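Work through the exercises below with the sequence and the coordinates open. Each task is followed by a solution in steps.

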Amino acid sequence: MGTYEGLQGIWVLCGVRDGQIDRVSRELLGEAERLGAVEGMKTTAVVLGREIPQIRGADHALVVQDDSLSVPEELRWTHELYHLVRRYRPQVLLLGANGFGRSLAPRLAARLGTGLTADCTALDMRDGLLVQTRPAFGGNLMADILCPDARPQMATVRPRVFRAPDWEAARPCEILREPPAGPDTLSRLVEITGFTPSGQDAAIGEADILVAVGQGIGSKENIAMAEKLAELMGGALAASRPLVDGGLVPYAHQVGQTGRTVAPRLYIACGISGAIQHLAGVAAEKVVAVNIDPDAPIMERANWAILGDCGAFLREMVDLYTTSPPSVLPDRHSK
Amino acid sequence: MRIYACVKQVPANNETRLDPVTGTLIREGSPGVLNPLDAYAVEQALRLKEQYGGEVSALSMGVPGVRDMLRRVVALGVDRGILLTDRAFAGSDTLATARVLAAAVNKCGMPDLVLCGRVASDGDTAQVGPMLAECLGIPHVSDVACIEEIARGEARVRRLGDRGYHSLRVRLPALFTVLKEICVPRLPSITGVLRGEKAAIAVWGRADLGSLEGGVGLKGSNTRVLRSHRPDLRVKTRAVAGARDLMDILREENLIAEDRVRGDI
Ligand SMILES: Cc1cc2nc3c(=O)[nH]c(=O)nc-3n(C[C@H](O)[C@H](O)[C@H](O)COP(=O)(O)OP(=O)(O)OC[C@H]3O[C@@H](n4cnc5c(N)ncnc54)[C@H](O)[C@@H]3O)c2cc1C
Ligand SMILES: Nc1ncnc2c1ncn2[C@@H]1O[C@H](COP(=O)(O)O)[C@@H](O)[C@H]1O
């Protein structure tokens, strides 16, 4: 395909947020570059939307700009991506494993008739094949998965698994514009009519720090205290299932098998026993456990264990936070 | 209104054991249960039936023993259970599974609504729902938190997105994957249990489903498990006296957040 040969390598579907390529997409572009270097494959950032931000960190950018693409919607996106993939035939297509990516990717993979691996926590290239590592059975098992024959090899990857390259230093890419693929009957069947933000604090999938509360929290005041600490630390409030079932914390905050999987840098578990269904959702870099029971399972999964009452701990933390100015949080990988 | 609820049998717990020789998963010994999130799909289907009338079918692909699980689902008030079982289905990945489910749906005629759980607790992929919708050629909405109304061939739903709730209007037929938030599942009644015990569960194999374009089972699956292993989840735990010491550690470890200086917020 002449000058378009470079487009047959590794693609990253890039999300846009606040006028920028979003964080998980930047992380994936960094990883794509590393994978591409192994096999001498070029990387392509794929961006769809009404407004296209500056794109860096890939060899090429494939851009579809259209008014009809102002709001991400799975069926509309599937239609466009299907045509792009059919036209250029990439080897690999990576997407962020956020709610949108996890809904779009299976739809697209089914239309393309190719394999898809969800929620990868590691990627590698071996003999031209993408080795996709993902947890199953609530994190009790890791599996390496291949898609030997069908193309593209598709994977969604959890946020924060990879390091985003230095965006300023990243090279700008050669932009190729594509017209929209034309009318799509299916996406006309769905109309987004409204949006209610769940509040800054509910974005538990994106927070660097989570202060999580469980049945040992003791009182509503202590939950408020945990929320306050989360706010002070620039993080968010999370909860175990009993508190959500009890109506004390909204569902959007629930971590675990029937809630969300979170991967913050720091997870502070206050009065949480660490049941397997809860830990299934905790993919944190570091865990602090505060518990009155030295034998609570969470204590074994914690990097730092504090034996004691979590109400008192939270009060003390909030005190310390309001009296001694802490330093700046650097990027997670730049330690 | 005709509704299909897709239900999967999963191991009762996730404490996996690996065969030390082959490295494959030992499934025996772990009793099978209804995937926890599928209970919400079933409950939502029953509530819609109560509200709008109609019929609910539960659809499952699995080993012959899944028949008992389907009986327990019928006990909740579902009208019929359909089990899709065949050696040819073994080893299906998510897309191959979706193909089998789609063929079964098509065999009965397109319903108004297909409901799936958000995710199965064993495979943990959340892929089968959207893939099934694609195989059926109908729209899907993932992570539905509330079905507000169904009228004039259209559903109004609320879904939990990455940063909040979206309101959507979707033409039926459609497929929704549902969150735990959507409802509280009921317990079976005594009469329900008796009904379930006597219920005839339809059992269909490969030959009952007609053409399964794209293939099923291991042969029809594009993905292959290269190897699996148990991750070492142990960490070195250090006892910390209290908040003050923890703050020192967090500072040392660069885990303290952004310019959060006192009184700034
Ligand atoms: C199918 C299924 C799905 C599930 N999904 C989820 C899920 O998604 N998320 C989830 O969280 N759970 C889930 N659960 C529930 C899970 O099994 C546990 O029941 C739940 O996680 C326990 O919550 P907890 O740790 O807050 O409460 P508990 O287990 O009651 O633990 C409370 C802890 O607080 C400690 N404590 C008590 N007082 C204090 C104090 N003053 N100071 C400090 N510590 C104190 C106790 O020692 C104890 O360790 C699920 C269960 C099932 C069966
Ligand atoms: N074998 C199956 N039989 C019936 N429904 C299934 C099967 N596998 C998955 N599903 C449905 O798809 C949902 C998501 O499953 P998964 O993609 O495996 O996480 C489940 O909650 C079920 O509703």
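**Exercise 1.** Which residues of α4(A) are buried?

Solution. The model is a predicted one.
Step 1: locate the helix. α4 of chain A covers residues 220-232, 13 residues in total.
Step 2: check its span. From the first C-alpha to the last the helix reaches 18 Å, close to the 18 Å expected at 1.5 Å a residue.
Step 3: apply the cut-off, under 20% relative accessible area. The buried residues are A:Asn222, A:Ile223, A:Ala226, A:Leu229, A:Ala230 and A:Leu232.
Step 4: consider the spacing. An α-helix has 3.6 residues a turn, so residues three or four places apart point the same way.
Step 5: find the cover. Among the elements over the buried residues of α4(A) are β14 (209-213), β15 (236-239), α5 (241-245) and α8 (310-323) of chain A.
Step 6: look just past the helix, where A:Gly234 has a positive phi of about 75 degrees.

**Exercise 2.** Find the cavities of 30 Å³ or more and describe the lining of the largest cavity.

Solution. Step 1: search the whole structure. Rolling a probe the size of a water molecule over the atoms shows where empty space is left. The search returns 1 cavity of 30 Å³ or more, and the volume of the largest cavity is about 50 Å³.
Step 2: list the lining. Chain A provides A:Glu73, A:Glu74, A:Leu75 and A:Val190, while chain B provides B:His140, B:Val141, B:Arg159 and B:Leu168.
Step 3: assign elements. α2 (74-88) of chain A and β9 (140-151) of chain B each supply at least two lining residues.
Step 4: sort by type. The lining comprises 4 nonpolar, 1 polar and 3 charged residues.

**Exercise 3.** Which residues touch the most other members of the largest nonpolar core?

Solution. Step 1: the core has 53 residues, and B:Leu84 and B:Leu132 touch the most other members. Helix α3 (residues 94-108) of chain B gives the most to this core, with 8 residues.
Step 2: take B:Leu132 and set aside its neighbours within four places in sequence. B:Leu132 then contacts B:Cys6, B:Ala98, B:Leu101, B:Ala102, B:Val114, B:Cys116 and B:Leu175.

**Exercise 4.** Is A:Gln65 buried or exposed, or in between?

Solution. Step 1: A:Gln65 lies in strand β5 (residues 60-65) of chain A.
Step 2: A:Gln65 counts as partly exposed because its relative accessible area is 35%, between the cut-offs of 20% and 50%.
Step 3: leaving out residues up to four places away in sequence, A:Gln65 touches A:Gly49, A:Arg50, A:Glu51, A:Ile52, A:Arg177 and A:Glu178.
Step 4: A:Pro180 is 115 residues from A:Gln65 in sequence, with a C-alpha to C-alpha distance of 7.3 Å.

Terms used
Residues numbered from 1 in each chain as written. Chains lettered and ligands numbered in written order. Predicted model: local features only at pLDDT ≥ 70, side-chain atom pairs only at ≥ 80, totals over all residues. Heavy atoms only, no water. 1 Å grid on protein atoms, 1.4 Å probe; cavity = no way out; pocket = protein on both sides within 12 Å on 5 of 7 lines; lining within 4 Å. Points joined across faces, edges and corners; volume = space filled by probe spheres on them. Helix = DSSP H or I, 4+ residues; strand = E, 2+ residues; numbered from the N terminus. Nonpolar A, V, L, I, M, F, W, Y, C, P; charged D, E, K, R; others polar. Expected span 1.5 Å × (residues − 1). Buried < 20%, exposed > 50% of the residue type's maximum accessible area, 1.4 Å probe, protein only. Contact = heavy atoms within 4.5 Å. Core = buried A, V, L, I, M, F, W, Y, C linked by side-chain atoms within 4.5 Å.
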